[in-house]
Amino acid sequence: MGLEDDYIWDSFKRGNERSLKFLYDEHYEFLFHYGYKFTNDRNQIEEAIQSLFIKMWKNHSNLNKPASIRHYLLKAFRRILIAALQAGSRLASRQRSFEDIPFYLTPPHDENIIRQEEINEQHIVLKTRIGTLTNRQREAIYLRFYQELSFEEIAVVLKMNIGGVYKLIYRAIDRLRTGK
Amino acid sequence: MNRFNPYSTYSLTDLLNDDTFIFLVNKRRSDPALLDEWEQITAAGSDSGSAFREAAQIIELAAGRPLPAGDNGHEKIWKNIATEIDKTARVTPFRWWRVAALVLLLVSIGGITYHYFKHISPTVKWNTAEEQFMVVTLPDQSTVTLGANSTLTYKKNWKNGSMREVWLSGDAHFEVTHLNRDSSHINEGEKFVVHVENEMEVEVLGTVFNVRHGSGKTTVELESGSVEIVLKNRHEANVRLKPGEKAELDIAQQTLTRLLSTSRHPTPSPGDKSIELNNTSVKEIIQMIETTYHKNIEVADTSLLSRRIDGTFPICHEKDVWFILSSILDINIEIKSDDSLVLQPR
């Protein structure tokens, strides 16, 4: 954790509301961006973020200092959002298994629409191939390439072992490269 | 310096495995300089260019769709959070100004208490008249034998650990309770200070000494222990006396002279013995001394003999007696080599 993050966290732990707001402002968009991959429902995403920060406030004195604040927030946020999505039966009951929690890297409703800007054929090919990845493969490459988490951190978020994460990511890259 | 250059030999897989490369590709979006560097290196036709472009495409696609425009509930949700925080914090809201006010209050109370004890607390004042002496016991059990026409003042309450102070005008013989344990480390709280008018301060540890103040000079004579004399005018350096030494301050000249005292060390005898004197003549006293101490006493001026003294006469130390006598009668006592005493007017 950088010095600034370290200081802000300690300050928050001591009950400084402004420090919590600082963390909130710094990470809000990243959390929303992540939530937006699971669902279109903005209310659900907002509620999950709200729930997360309120929980943090209530427990501030008991929280351990994480190695990375972003990682800690993503992990906690995912747990809250998924639980809310499952409870609200947004996911059909048969989809409640781990693998089947949907993760969208392209808008669910316009998978097949090719936008004007995408004149690059390669781009179109890649986009199609992304559609053939599993949900967890998509989530793994999202966390690695967009949120820039390490393999260990991804393993914690996805509640897998690190070998499983390597497999997810390398298989995803392979498929994107070769289509196989 | 093109930050993408080091990657020119990397394969697609290598690039996608490199934390820094991933970071740079993401950062291009917000950094125009970085974007320029990117454009240079991926100029159409270069070999590495295609690997770079493909890697960048994968990295960008992995982001998925972007956020909708607007603040996406950023402000609204914080309001809800803040409300919740206020609810739970209402019991003891932490307000800086309350803490500051409390601290200020405590400091003021502390200040007033300190000021009270230092300046306003009751003082004790002892005066002796002509031909009178008095033994005063101080709050720390030190004893002060006040000579004639002298005044001793001190605060009634002495705190443990604070410096002990008395103010003297006239003559006194001090026996100070020793508090210091380690002579190489003397605390302020272990000191005993005698303020002699505005002229000097005698700092004492545990000690028997005399202070004489009058006739244009102040004398401090040390029997045992150690004292440090601090001149108020500060022109002269402090003087530390050893037992048997005497320091004489000439008030007009403001010079301090160190001398060997002409008195000898006392032989302390145990017990608190004293005699009540009620208008007793000096003659009787001298007779009593001669008997008790087996000394021969010569009186130069016989008119001394008829003078009378009131008070309690302590007889623990021989030296006390000479001191008191000399003070009361305003005489000098000289001890001759054959141990006899000569009393002369000053």
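A residue counts as buried under 20% relative accessible area, as exposed over 50% and as partly exposed in between, using a 1.4 Å probe and protein chains only; at 34% relative accessibility, A:Arg177 therefore counts as partly exposed. This is a predicted model in which local features need pLDDT of at least 70 and side-chain atom pairs count only at pLDDT 80 or more, while totals for chains, interfaces and linings use all residues. Residues are numbered from 1 along each chain as its sequence is written, chains are lettered from A and ligands numbered from 1 in the order in which they are written, and side-chain values use heavy atoms, leaving out hydrogens and water.

**Two helices of chain A**

- Helix H6 (residues 135-145) and helix H8 (residues 162-178) of chain A have axes that come within 9 Å and cross at roughly 95 degrees, which makes H6(A) roughly perpendicular to H8(A), a label for angles of 65 to 115 degrees.
- The contact (heavy atoms within 4.5 Å) involves A:Arg136, A:Gln137, A:Ala140, A:Ile141, A:Arg144 and A:Phe145 from H6(A), and A:Leu168, A:Ile169, A:Arg171, A:Ala172, A:Ile173 and A:Leu176 from H8(A).
- By class, the contact of H6(A) with H8(A) has eight nonpolar, one polar and three charged residues.
- A:Arg136, which lies in helix H6 of chain A, is buried with a relative accessible area of 1%, and its side chain reaches the backbone oxygen of A:Ile101 at 3.0 Å.

**Salt bridges**

- B:Glu84 forms a salt bridge with A:Lys58, with the closest N and O atoms 3.7 Å apart; because B:Glu84 lies in helix H5 (residues 74-89) of chain B and A:Lys58 in helix H3 (residues 42-58) of chain A, the pair joins two chains.
- A:Arg177 and A:Asp174 meet through their side chains in a salt bridge of 3.1 Å, N to O, and, being three residues apart in helix H8 of chain A, they are separated by about one helical turn.
- A:Asp174 also counts as partly exposed, at 37% relative accessibility.
- B:Lys191 and B:Glu203 meet in a salt bridge of 3.2 Å, N to O, linking distant parts of the chain, with B:Lys191 in the loop between strand E6 (171-176) and strand E7 (192-196) of chain B and B:Glu203, 12 residues apart from it, in strand E8 (residues 200-204) of chain B.
- B:Lys191 is buried at a relative accessible area of 16%, and B:Glu203 is buried at 18%.
- A:Asp6, A:Asp10 and A:Lys65 are linked in a network of salt bridges.

How values were computed:
Axes are lines fitted to C-alpha atoms, for helices over the stretch in contact, and angles run from 0 to 180 degrees between N-to-C directions. Helices (H or I, at least four residues) and strands (E, at least two) are DSSP runs, numbered from the N terminus. Angles under 35 degrees count as roughly parallel, over 145 as roughly antiparallel, 65 to 115 as roughly perpendicular and the rest as oblique. Ala, Val, Leu, Ile, Met, Phe, Trp, Tyr, Cys and Pro count as nonpolar, Asp, Glu, Lys and Arg as charged, and the others, Gly among them, as polar. A polar contact is a pair of N or O atoms within 3.5 Å; within protein, one must be able to donate a hydrogen and the other to accept it, and residues adjacent in sequence count only if both atoms are side-chain atoms. A salt bridge is a side-chain nitrogen of Lys or Arg within 4 Å of a carboxyl oxygen of Asp or Glu.
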